[in-house]
Amino acid sequence: MVHRDDERSARLRASGAEVVVADMFDYRQVETAMVGVDRVFFNPPHHPHVLDSAVAFAVAARRSGVEAVVALGQWLASPEHPSLMTRQHWLTDKVFELLPDTAHVAVDPGFFADNYLRLVPTAALLGVFPMPAGVGRNAPPSNEDIARVVVGGLLDPHRHDGKAYRPTGPTLLSAAQIADAIGEAVGRQVRHVEVPRSMFMRAVRMDAKRLKADMFFESSLRHYLPEHALGTWEVGSPTTHVRDVAGVEPEDFLTIARRYAAARRTVGNVVRALAGSLLMAFVPMHRLDRFDPCSSILNPHILGFPASRHSGAASTPGPPTARPSRRSTPTTHRRRTTKERHMSDTLTHSQYSAGDSRRNIEDALVAAGKSLNDLQPADLVLLEDFHTMGRFATRRLVDLAGLGPDTEVLDSGSGIGGTARYIADRFGCRVTAVDLTEDYCGTARWLNRLVGLDDRIAVHQGDVTELPIADTAYQVVFSQHVQMNIADKQRLYREARRVMVDGGLLAIWDITAGELAEPDYPLPWADDPRLSHLVDSDQLRGIVEASGFEIEQWNDLTEQASTAMQTILAMPPNPLGLHVFNANFTEKMKNLTIALSDGRLHAIQGIARARRP
């Protein structure tokens with residue numbers, strides 16, 4: 001689907017594509033274009049009303065029975081970013097997540113290689129790479145690699161359902177290294193020159209025609225430039241997502257740069273480049289500080305978009321406290337910065353998942369003779385409860401919570417969803433499952449569908465210390481083997497209290513520190529001490545009470561847990577155990593069992609009631 005018929009659409013037809021000319025903001029045209037389409041790639045338009053087009057596509061996809069949507073977004077999109085584009089990318093992602101019967105794959109790159117390579121003509125002519133990059137680094141992906149990940153998602157959407165991929169290049173590069181690569185591509189020495197952001201934005205304004213940069217583009221770009229200097233793009237980078245999804249190694253930056261190195265160093269070109277540099281001193285940047293908050297950001301006449309698309313150029317409010325992704329938010333309790341969050345998340349992801357949980361579980365089920373077309377919840381018992389004593393512990397904790405068919409339940413830190421499925425199947429109630437690990441969330445959704453419980457369970461990827469949930473939404477919150485990875489435990493339980501009704505129950509099954517020395521690693525929740533944040537039983541109880549709860553039961557089940565774990569270890573190996581998707585799990589279980597037996601670790605079961613104000 002294209003906006004207009006031109007030489008680009010002609011090239012698509014020549015390649016064998018069926019081309020439809022349509023307006024992405026006209027729902028009827030979108031719906032008509034989607035007839036007979038099974039899988040959709042949503043490439044968001046560069047437009048202040050991008051959210052309108054996303055909603056139109058989501059509604060059309062739902063009505064047309066589209067099987068899968070792969071959507072291009074942004075790696076660090078958030079509802080608090082100062083860029084309107086970024087905030088709308090975040091909302092767009094949430095819109096597609098709401099489609100109940102449609103696979104959703106998010107492709108969320110960071111700062112593209114293309115953004116740097118727009119400066120190739122300047123580098124080729126003048127030997128400089130002017131960029132306000134600071135000391136930050138990036139592993140920028142090529143447009144082609146981003147497209148390869150998109151295609152991989154379209155070819156096998158159900159394997160990638162619920163996942164968010166961030167394609168990157170293979171290596172983190174500083175601005176000086178990027179300049180060196182550009183220099184090699186254009187055949188001359190190029191050096192990086194750190195320029196003020198205001199000067200860079202003036203250059204963008206002067207070159208707006210070539211860059212196709214309207215004020216909306218400039219408005220977004222000026223908020224992205226500080227992220228580079230803050231080190232935002234290097235967090236969690238590089239990834240293996242190009243190889244994981246597309247099956248090829250990502251392109252290195254030099255290979256990409258050589259495709260862009262077409263500018264010729266002629267006397268005329270050099271003179272024009274020098275003249276442009278001199279003129280820059282007299283051309284002010286646009287007053288984007290006035291542009292962002294006022295109604296003109298949605299005014300079609302200023303932006304140059306057809307007025308028929310925008311009736312009433314009302315103001316678009318921004319977040320109360322807009323901040324770059326790398327900055328922390330000032331609140332009553334300190335939020336982690338994005339870099340801290342992503343560094344912690346990267347460690348946690350590496351601990352719990354290598355990205356192949358679903359495939360490994362599927363292989364194990366088939367090897368065990370289970371039919372994926374007739375799978376029952378009981379078939380998953382041995383591989384879905386990722387905590388000490390497994391289903392036995394879950395059943396005892398659930399019995400204490402007193403659930404019924406109308407109870408609204410949250411499983412906070414849900415893993416692949418074993419507890420959520422057990423509760424939904426046993427009581428018929430609705431359960432929300434939240435887990436940090438994207439791989440686990442995708443696996444949970446897949447298993448929910450296989451056993452016919454996806455209509456009762458909603459799975460969300462999120463941080464349990466910043467739950468993506470409204471206040472007072474649940475009567476019961478389960479937290480099993482979660483706090484061992486979390487240093488700020490008060491924040492964990494305050495979040496549980498926030499989303500809980502007055503008088504609601506918090507059900508806890510966790511490991512605490514014992515009286516002796518540190519346990520041996522690896523353990524099921526930590527390959528090394530960096531990921532383990534244990535406190536003793538009394539400290540944990542005090543933190544729960546200080547977070548707005550009254551303890552009703554606090555049971556030390558260490559002896560039972562030790563006996564049960566020793567029994568499990570003595571049994572013959574089962575093809576459907578937790579080892580299926582957890583590396584080195586037998587050694588972890590042995591270390592846990594020994595530490596429970598000798599008192600270095602304790603197992604605690606607790607029920608706490610939310611205090612009324």
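# Exercises on a predicted model

**Exercise 1. Strands 8 and 9.** Strand 8 (residues 431-435) and strand 9 (residues 457-461) run parallel and are joined by five bridges. Find the partner of Val434 in strand 9, then trace how the chain crosses from strand 8 to strand 9.

*Solution.* Start with the ground rules. This is a predicted model, where local features need pLDDT of at least 70, side-chain atom pairs count only at pLDDT 80 or more, and totals for chains, interfaces and linings use all residues. Residues are numbered from 1 along each chain as its sequence is written, and side-chain values use heavy atoms, with hydrogens and water left out.

Step 1. Helices (H or I, at least four residues) and strands (E, at least two) are DSSP runs, numbered from the N terminus. Two strands pair if DSSP finds at least two bridges between them.

Step 2. Val434 has His460 as its bridge partner in strand 9.

Step 3. From strand 8 the chain passes through helix 23 (residues 438-450) to reach strand 9, in a right-handed β-α-β crossover. Right-handed means that, with the strands pointing away from the viewer, the path from the first strand over the helix to the second runs clockwise.

**Exercise 2. Aromatic rings.** How many aromatic pairs does a search of the whole structure find? Describe the pair of Tyr116 and Phe253.

*Solution.* Step 1. The search finds six aromatic pairs. Rings of Phe, Tyr and Trp (its six-membered ring) pair if their centres lie within 6.5 Å; planes under 30 degrees apart count as stacked, over 60 as edge-to-face and the rest as tilted.

Step 1. The pair of Tyr116 and Phe253 is edge-to-face, with 6.3 Å centre to centre and 80° between the planes.

Step 2. Tyr116 lies in helix 5 (residues 113-117) and Phe253 in helix 14 (residues 253-260), so the pair ties together parts that are 137 residues apart in sequence.

Step 3. Check burial. Buried means under 20% relative accessible area, exposed over 50%, partly exposed in between (1.4 Å probe, protein chains only). Tyr116 is buried at 1%. Phe253 is buried at 6%.

Step 4. Ring pairs link Tyr116 and Phe253 with Phe111, Phe129 and Trp233 into a cluster.

**Exercise 3. Nonpolar cores.** Which residues have the most contacts inside the largest nonpolar core?

*Solution.* Step 1. A nonpolar core is a set of buried Ala, Val, Leu, Ile, Met, Phe, Trp, Tyr and Cys residues joined through side-chain atoms within 4.5 Å.

Step 1. The largest has 55 residues, and Leu403, Ile423, Phe478, Trp525 and Leu601 have the most contacts inside it.

Step 2. Look at Ile423. Leaving aside its neighbours within four places in sequence, Ile423 is in contact (heavy atoms within 4.5 Å) with residues including Leu403, Val431 and Phe478.

Step 3. A second, separate core has 36 residues, among them Ala123, Met201, Leu225 and Phe253.
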